[in-house]
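User: I would like to go through this model by question and answer, with the cut-offs stated as we proceed.

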Amino acid sequence: MVVHSASERVLAGLDPEQRSAVTAPAGPVCVLAGAGTGKTRAITSRIAHRVLGGEVSARHVLAVTFTARAAAEMRSRLTVLGVPGVQARTFHAAALRQVRYFAPRLLDGRAMPELLDSKVRLVTLAAARVGLRTDRAAARDLAGEIEWAKSSLVEPGEYVVAAAKALRDTPHEPAKVAEVFAAYEKIKRGNGVIDFEDMLRAAVWGIEEHADVAEQVRAQYRHFVVDEYQDVNPLQQRLLEAWLGGRDDLTVVGDASQTIYSFTGATSSYLVDFPRRHRDAVVVRLVRDYRSTPQVVGLANSVISRARGTEARLRLELRGQRPPGPEPELRIFTDEPAEANAVAARARALVDAGTPAREIAVLFRTNAQSEAYEKALTEAEVPYVVQGAERFFERAEVRQAMVALRAATRSIPGETPLPAAVVEALAAVGWAPDAPPAGGAARERWEALAALVQLAEEYAATPEVLPIGAAASVERPVTLAGFTDELHRRAAQQHVPTVEGVTLASLHSAKGLEWDAVFLVGLSEGTLPTTYAKTVEQVEEERRLLYVGVTRAREWLWLSYAAARSPGGRARRPSRFLPQLDRSGGAERARGTGSAARPERRRTQIVSCRICGATLLAGPDRKLGRCATCPSDIDEELHERLRDWRQRVAGAQKVPAYVVFTDATLTALAERRPGRAEELIAIAGIGPRKLGLYGESVLALVAGATVDDACPEKTFEISS
């Protein structure tokens, strides 16, 4: 009876869908869990409910996920729920534990071979053996290609065909990559070491080829839970099937709309096909979003609603559960420096208003974009940390480039235009301004050095005056030496260590994290989607990256792009993934005088339905603040008083009633019932002029005043 009450307590506070996932019978269960829907709570509660109810033993449960942080969180929650004996590990940690335990039996008494921390050194040796010279970035890309092949169960002799079939953007000719792959395997065996994929394969081999090992493993683990199932690769799926051994007590949890790691071999096909492979599977959809405001949820739904392809078959439409918050903002800037400076200024304002810096994030498509934001935040005195990457000036290729630039000041003629001088200097470190190389690491290195060329173009275009004394100033020298000094000054500023600050992160490294305020920046064609996304599948993965970025925000969301990369540069288009918003409001003008004033940015507010959270595109819907199909919550009595008041004002001014307010505006007022001038002017159709003319009367009517009380003489006058 005590056990039963403990298992029932686990169900307390769960929503109906979470409860369905927790109480589903033993057997195959597929939980499709949208961002912020409480999937970790659901799966840990399912485990605890089964253990505390006496259905399973904690020591017979194995829960696997993809990061040590996620595994630690699962263990912590299970301990709080009263079931501390469950094994929650990453695939690699679980496999390593088993291979180490069974190694003496599988290897004739020998211990498990040493595990490589990194493939790069051996890959460099393998490349040299087949006549290929590589730097560290190229070796990292070759190592990544080998990891993809091994995770996809592709052998060296099969690589060329498999890479062509998968449309891989290979760092070298596929045949050459295959040679490096084969040489790497040979060198690895000769050194008596294994890599992480070998470890997973060894775990599979131990179970599939040794009946006694299979029997012991399957006796230990009888009930399985797999988190982030959309990120499983073929090798991990093979290991999971070996663990199961034909049994079906398996719960998988995932979201196809967050599939963003296909370049590593991850595939959502196992999640998509789960009901087909398990005909009696229970499928539960978690769609109540507890992380984000309805406004953020509405934008996320709008972004992913246009998705196509296999993953879109499992698309979830989230429903926000939090109180309403501020509308997401879309900002358009003239160039990237202006965008970065505006982000830094808003981050400064958020921190000053009480938002902890650690609860703010700036997210971008590639790490090479971080430099502008590092600089802007530094100048705004906002502390920051770079997630999953080094700071821009700490990267090895940037440090090498700065040495080359300093050396070039002695050899390149002083009259050489600065951008051309920088390009010439960077040739010493192997950079050329033509098409970037294939491969992630080599391409990122190229883009980081390309960012230095962009900085040179900006530096040459804006020779700002620097103060040198109380009464004198000098124009900044537009020379290679002056530019090099500027880079060292920036590096010195940005090398100040920070313990806590605004997070700068790529969209990939932001997966699984969340913040109160999120800036999504650089949302232009060519960046998101990247120009390297050539197939439909690759473009759709770029769309899912934006979706992941949007769903990181709890309350406050900013989306922005720059019309040009640098001042006066070539115009760019906004990302095709952004909602088609009404931009009729025109451009805000820079605050300034004389010729210095110029168009600086346009601000477009994204309006979401206050009922369901969907992004509103139609004018009448935006005015009402809800979808035409969502139920109205109109105050009929207030609506009638507003109509009477409008009729009286229109008659006194001798104008048609709609000139005062349209019917749609009256309906919006009676539904939204604004209590302050800021809420009143937020309703489409009420600008500063009408706020001045009618605001006081309308607010009085909303507060309960009669039409007589709300009609002072000034409402009958037409302002000139």
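User: Which residues in H7 meet which residues in H9?

Analyst: This is a predicted model, in which local features need pLDDT of at least 70, side-chain atom pairs count only at pLDDT 80 or more, and totals for chains, interfaces and linings use all residues. Residues are numbered from 1 along each chain as its sequence is written, and side-chain values use heavy atoms, with hydrogens and water left out. With contact meaning heavy atoms within 4.5 Å, the H7 side supplies Leu-142, Glu-145, Ile-146, Ala-149 and Lys-150, and these meet, in H9, Val-177, Val-180, Phe-181, Tyr-184, Glu-185 and Lys-188.

User: Are H7 and H9 roughly parallel or roughly perpendicular to each other?

Analyst: Helices are DSSP runs (H or I, at least four residues), numbered from the N terminus, and axes are lines fitted to C-alpha atoms over the stretch in contact, with angles from 0 to 180 degrees between N-to-C directions. The axes of H7 (residues 136-151) and H9 (residues 174-190) come within 10 Å and cross at roughly 80°. Because angles of 65 to 115 degrees count as roughly perpendicular, under 35 as roughly parallel, over 145 as roughly antiparallel and the rest as oblique, H7 and H9 are roughly perpendicular.

User: Is Phe-91 buried or exposed?

Analyst: Phe-91 is placed in helix H5, which covers residues 91-106. Buried means under 20% relative accessible area, exposed over 50% and partly exposed in between, with a 1.4 Å probe and protein chains only. The relative accessible area of Phe-91 is 1%, so Phe-91 is buried.

User: Which residues touch the most other members of the largest nonpolar core?

Analyst: A nonpolar core is a set of buried Ala, Val, Leu, Ile, Met, Phe, Trp, Tyr and Cys residues joined through side-chain atoms within 4.5 Å. The largest such core has 45 residues, and its largest share, eight residues, comes from H5. Those touching the most other members are Val-226, Tyr-229, Leu-239, Trp-243 and Leu-250.

Methods: Helices (H or I, at least four residues) and strands (E, at least two) are DSSP runs, numbered from the N terminus.
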